[in-house]
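Have the model open as you read.

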Amino acid sequence: RRVLFRSGEQNRIVQIDESGEVFGEPTYKLWQSAYTDLGYAGYEKSISRISLQTKTACDVLIETEKDSRTIHFDGKIVSQTKKINISGVMFKVTFSSNVANVEITHPILYFNLGKPNA
């Protein structure tokens, strides 16, 4: 598969290569989930930490109906875990990076279940 588009600056058709670069420059990559209740509708949840593997630097944005937090991960071969401490009923997760060859795997959200919201 190839992604082709017309570049307004160069006024020509260009191709994004397998690394996600155009003209040797990395493109911005973003993956965003929909809002989720993490399978516990109507309950307050507190996400205490997030774990993932990423070979390149990336940012993870966690959003709730009340707050948002961004956590930066450096590229490493091993799994990384970072504290986040954010609460809400609904959550959305966004992974983003501005480097070539982004590979983010095995994301795990650790959370505690609070009282039901009546």
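What follows covers the ground rules, the sheet, a serine and the aromatic pairs.

## Ground rules

This is a predicted model, so to speak with limits: local features need pLDDT of at least 70, side-chain atom pairs count only at pLDDT 80 or more, and totals for chains, interfaces and linings use all residues. Residues are numbered from 1 along each chain as its sequence is written, and side-chain values use heavy atoms, with hydrogens and water left out.

## The sheet

Four strands line up as β5-β10-β7-β8 in an open, antiparallel sheet (strands are DSSP runs of E, at least two residues, numbered from the N terminus; two of them pair if DSSP finds at least two bridges between them). At the edges sit β5 (29-32) and β8 (68-73), each pairing on one side only. Six bridges join β7 (residues 58-64) to β10, and Leu-61 stands opposite Thr-94 in β10.

## Ser-96

Ser-96 belongs to β10 (residues 91-97). Its relative accessibility is 12%, so it counts as buried (under 20%; exposed is over 50%, partly exposed in between, with a 1.4 Å probe and protein chains only). Its contacts (heavy atoms within 4.5 Å) include Tyr-28 and Cys-58, leaving aside residues up to four places away in sequence.

## Aromatic pairs

There are two aromatic pairs (Phe, Tyr or six-membered Trp ring centres within 6.5 Å; planes under 30 degrees apart are stacked, over 60 edge-to-face, the rest tilted). Trp-31 and Phe-95 have ring centres 5.7 Å apart and planes at 40°, so they are tilted.
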